[in-house]
Amino acid sequence: MDLTTESRRQAAAQLQNEVSFWYYSFCKLVKSQQEYARTLCRWIQLTDCLVTDKRQSRCASAVRTLSEKWQRGLEKLPDKVASDAIKHFLSAVESIIRQQAEEHNQTEALKKRVDTEKTEHLNSVQLVFMPLRPLTATINRKKFLVPRRTRQTDFVPGIVEQIRSSQTSTSLVPNLSWKAPTSKYCSPSISPQILPRLGSRNGSIKSPSNKFHFCSYLLLFEYLNHRLNKTCHGTRFIHEEQFETQHTVAAEVILMNEVESKAAQLGIDLSIDFNSIQLPLGENFGIVSDDEDVYHEDQLEFDSGFGNVIVVDNLPVVPREKFDKLEGVLKKIYSQIGVIKEDGLWMPTDPETKKTFGYCFIEYNTPQEAELAKEKTNGYKLDRSHIFVVNMFDDFDRYLRVPDEWAPPEVKPYTPGENLQKWLTDEKSRDQFVIRAGTDTEVLWNDARQSKTELVYRRTFWTESFVQWSPLGTYLATVHRQGAAVWGGATTFNRLMRYAHPQVKHIDFSPAEKFLVTYSSHEPSNPRDANRVVINIFDVRTSKVMRDFKGSADEFSVGGAGGVAGVSWPVFRLRMLWTSVGHQQTPFLHFFPELGGGNQPARVSLVQIPSKTELRQKNLFSVSDCKMYWQSNGDYLAVKADRYTKTKKSTYTGFELFRIKERDVPVEVLELDNKSDKIVAFAWEPKGHRFAVIHGDNPRPDINFYSMRTAHNTGRVSNLSTLKGKQANALFCWNSLTLMSLKPWRLLNFMATDIEWDPTGRYVATAVTSVHEMENGFNIWSFNGKLLYRIPKDHFFQFLWRPRPPSFLSPEKEEEIARNLKKYSKKYEAEDQDVSMLLSEQDREKRRLLKEEWEKWVSGWKRTHEEEKSERQKLRDGEASDEEEEYEAKEVEVEELLDVSEEVLPFED
Amino acid sequence: MRPILMKGHERPLTFLKYNRDGDILFSCAKDHTPTVWFADNGERLGTYRGHNGAVWTCDVSRDSMRLLTGSADQTAKLWNVQTGTQLYTFNFGSPARSVEFSVGDKLASEESVLVIKGPQGRINRAVWGPLNRTIISAGEDAVIRIWDSETGKLLRESDKESGHKKTITSLTKAADGSHFLTGSLDKSAKLLDTRTLTLIKTYGTERPANAVAMSPLLDHVVLGGGHDASAVTTTDHRAGKFEAKFYDKILKEEIGGVKGHFGPINALAFNPDGKSFSSGGEDGYVRLHHSDPDYFNIKI
């Protein structure tokens, strides 16, 4: 039988189109002709009766008869017959097309069937015969590769090759052979991970150094299948396939013949090049592709992963009767920790002895729960001989890769590092800062003299949440999902070190940049529990974990023995903890709310961390709220206490000021002159003894400055000064140099969300971050409030000056500089002068060029305008005034007669 | 000088147009009545009643006799400027966003002598090119296109790289039609050559540019805009940036700003003599500014 080719079908379709178009055009033509004749006829009739003149009427009637004749002629046309004929032709063409389509469908279905059978056949042939006759299998594969199923066919030879490469003995083949076809139902995303393990498992079993039952790998795989089958309800298929494939082992060759004979029977030449057959896009001719449901399941699997599966080892090996009991016990233990997925506990049994293997798999809802379960129950004593060994499913891969032989670690040759403090030696003594806007993070020089920035380094997606400078400015830390990283270098930024800490939330450096503390807290699965806190302390230069802590927030604050048993929460230095604790807001200064209806007072107590001794406590009466402010050095602490008035209707605020560094921690009470004033903000002078309070209810509150010492007596709080009625609603970090100049900033840039002084106190940056929709960007001001430049950036997130380490100069040297300040400043002034000269020169040049360029445009436009003048006049009907007339202000005097009145004046003599 | 506040519209302003002599000013708003004012003192002369939808645009003939308005009621109407009578109504299948008399006042843009179809999204502005040979369109897809006005063929397209990134909201031609200025929601305005569509200048600003105008007298451009109207109530009027900002046309530097509106500026127009300009805002006011003498001596 000769098959209809694609081109024939196309030709038929085209013919059908053409014929139908012909039919419609013909009908339309006849119809409009008739219409026209009729209208013409009618019109002539109408005009005919209007005319009275005889001669004309005769002439007209001649036209009339003619038109009537034409109309009749048209109506008599055998158009009906013609159109019917075309219609018949059309229907004939249509029937041909239908037949063709049917035929096509049939062929497709047949092809499909042959195709599937071939692939199945191929799979089994390859699996079984590959070790014996790999050559044939490869040839066969080449011959039968079908484009629509490439994914699967490619995959299966992959397995075969794995098996071959691992030199598995033939006795294992039947064991595996049923798995390969079922792998169709497990996702390719899993299989490539699992199968290499299968391949290398020979080595693993032999190595006694591994402490896990690696012979369980088959069962792991089985477990996967179990899980997948559950999800895709594909158990039935598995059984069928299993059955079928077992038989195919023997019947391989016969099947092949069968396919061929079947093909011959159906009249299909097996040498068809299947690549040449292409279905139209988006059309499957009603044949459901069995690839699709597999594909669908891939997606499902891909989302979940195996991070939430743990493997519990060292379980008792129990016979079938006790299976349920053990399962119940396990469920009880593990459901306390987190929510086990439905059917998430699976304990494989030996099919021969019907006993368990002594391990099980547990699947949690989240990886966090799984991790927690691993931590909590690893080493759990069920009884004396059964101590649980719990591992993450995903970790097995890692354990497998442990080499059998110990290899001495490679000694890296020493490479001298870059000078990480190169930026301090900038010729122009500029400062750097980092900004985050959109996806970009940039480090820039603040070139205030030229009123611009200069890019140092830019990187897209540098960090996943924020960036942070180390306290001395040596490193820039970025935060990622996997952990933190620090960057630095002489001229650019290279990654110096990475610190692994999944889902890290906060980081902080120790003041001398030696250690990095990373912090993350995880929502507990049980809402009653406190958040789980993970803290790691790394050595910055080696990225070694020096200390870590895992436990609840409560445990952390009291220094409980979380993490490794027997090691109490370590403290390097008290200073270290100030920073870390202050950052994470974990209360180590406790505030106990009032109990017992006010009889028992609220208490603020200061506890020293490593020793847990209470240093100082203070009782507070009728307190509604309490807030604490630490001075940056930890010298002072202010506790803001909101107290109820006697009527309990309103509150007033007082401050308890603790002097931490003095003996017995003396406490002073400070109350504002107007007790009912609302406190807007409170801030300590960094590293100083002064603080400021903004208070007041109206939009222009007062600012009070206090000092913790007076000139004569260091133990008294004194009021330094008061600023009345300033518009401010937040206090920003001040620089001790410019303590008093903080007021105008809010006025200058009232949208500003962040204010940052540069480390030298020369410039201040105000930034509008993306909390506002508009005007994102930052402004750089000089210390005396002059706007230097403005950089708008959309989606602006963060602005941070690069801190400077304390001066390397000795105090004597500093004093000397201070004495000879004039001499030094002269030099800098001269430099400034030069720069501004240069700048204005450049500016003038730039402007001149711009003007010239513009003039060129304008002259070009003028010329074309002149050229088009005549045409424009023509368009305007010759109106001459093409050019806009010059406007001139003419004074036109207009006399208006406003009022006329007659008055009779008495004539006086 | 103190601006003159003209309150005649109840809804946000959409368009402002001076006549050629610069003595009268036409304003269109989302209420349905275009209004005509004396451009000198802001006195209201009259209104044109008849539209049944927001009026998006208008144009006045060279001799100030005919007014053409385009409205969201899918019509454009031709009016007698003096009497306010409707002379003709053009019907369209969609709201008329832009109308303009051609050179010689015989054809109006957006007229069904020729229908141009093609671009995706709304066309916000369509104006005549030099000698009526081309039509320039700009709209939501942020692409400026030049069409042949005879055949309707697409002649040029602004390139994506240097062009606007968001909806183009306004387009004004220079007095001689040689170049034009576009304002876009991407917070920038661009100056382009009418014939070649070459990008000449870009003026950056901090807020969406809803309206743009070019001074016919000095090398100044004015950009008006502000926060999205829907967010106006949530922001301080200072934060909304409802200023009309003056820029130097050549140096692209900001000269100054004119504050006053308490909503985004939707329309800007310069008096053809260059000595006054008016702005219309989302707040429904038209503000007529006569420039101080200082303005003409600004040096940067």
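Trainee: Which residue has its backbone oxygen 2.9 Å from a polar atom of the side chain of A:Arg436?
Mentor: Keep in mind that this is a predicted model. A:Arg436 lies in strand 7 of chain A, residues 431-437. Its side chain has a polar atom 2.9 Å from a backbone oxygen, and that oxygen belongs to A:Ser465.

Trainee: Which side chain makes a polar contact with the side chain of A:Arg436?
Mentor: Leave aside neighbours within four places in sequence, and the contacts of A:Arg436 include A:His795, A:Phe796, A:Phe797 and A:Gln798. One of these also makes a polar contact, side chain to side chain, at 2.9 Å. That partner is A:Gln798.

Trainee: Is A:Arg436 buried or exposed?
Mentor: Buried means under 20% relative accessible area. A:Arg436 has 13%. Therefore A:Arg436 counts as buried.

Trainee: Where is A:Asn536 found?
Mentor: Look in chain A again. The strand that holds A:Asn536 covers residues 532-539. That is strand 16.

Trainee: What relative accessibility does A:Asn536 have?
Mentor: Leaving aside neighbours within four places in sequence, A:Asn536 touches residues including A:Leu516, A:Val517, A:Thr518 and A:Val545. A:Asn536 counts as buried. The value is 8%.

Trainee: Which side chain joins that of A:Asn536 in a polar contact of 3.2 Å?
Mentor: The contacts of A:Asn536 also include A:Ala500, A:His501, A:Arg547 and A:Asp548. One of them supplies a side chain for the 3.2 Å polar contact. That residue is A:His501.

Trainee: Now chain B. How many strands are there?
Mentor: Chain B has 300 residues, and 59% of them are buried. The count of helices in chain B is 0. The count of strands is 24.

Trainee: Why is strand 6 of chain B described as largely enclosed by the rest of the structure?
Mentor: Strand 6 of chain B spans residues 55-60. Count its buried residues, because that number is the reason for the description. The count is 6 of the 6.

Trainee: How many bridges join strand 6 of chain B to strand 7 of chain B?
Mentor: Strand 7 of chain B covers residues 66-71, and the two strands run antiparallel. Within this pairing, B:Thr57 stands opposite B:Gly70. The number of bridges is 5.

Trainee: Which residue takes a positive phi in the hairpin of strand 6 of chain B and strand 7 of chain B?
Mentor: The hairpin has 5 residues between its strands. One residue in this hairpin has a positive phi near 60 degrees. That residue is B:Ser64.

Conventions. Residues are numbered from 1 along each chain as its sequence is written. Chains are lettered from A and ligands numbered from 1 in the order in which they are written. This is a predicted model: local features need pLDDT of at least 70, side-chain atom pairs count only at pLDDT 80 or more; totals for chains, interfaces and linings use all residues. Side-chain values use heavy atoms; hydrogens and water are left out. Helices (H or I, at least four residues) and strands (E, at least two) are DSSP runs, numbered from the N terminus. Buried means under 20% relative accessible area, exposed over 50%, partly exposed in between (1.4 Å probe, protein chains only). Two strands pair if DSSP finds at least two bridges between them. A polar contact is a pair of N or O atoms within 3.5 Å; within protein, one must be able to donate a hydrogen and the other to accept it, and residues adjacent in sequence count only if both atoms are side-chain atoms. Contact means heavy atoms within 4.5 Å.
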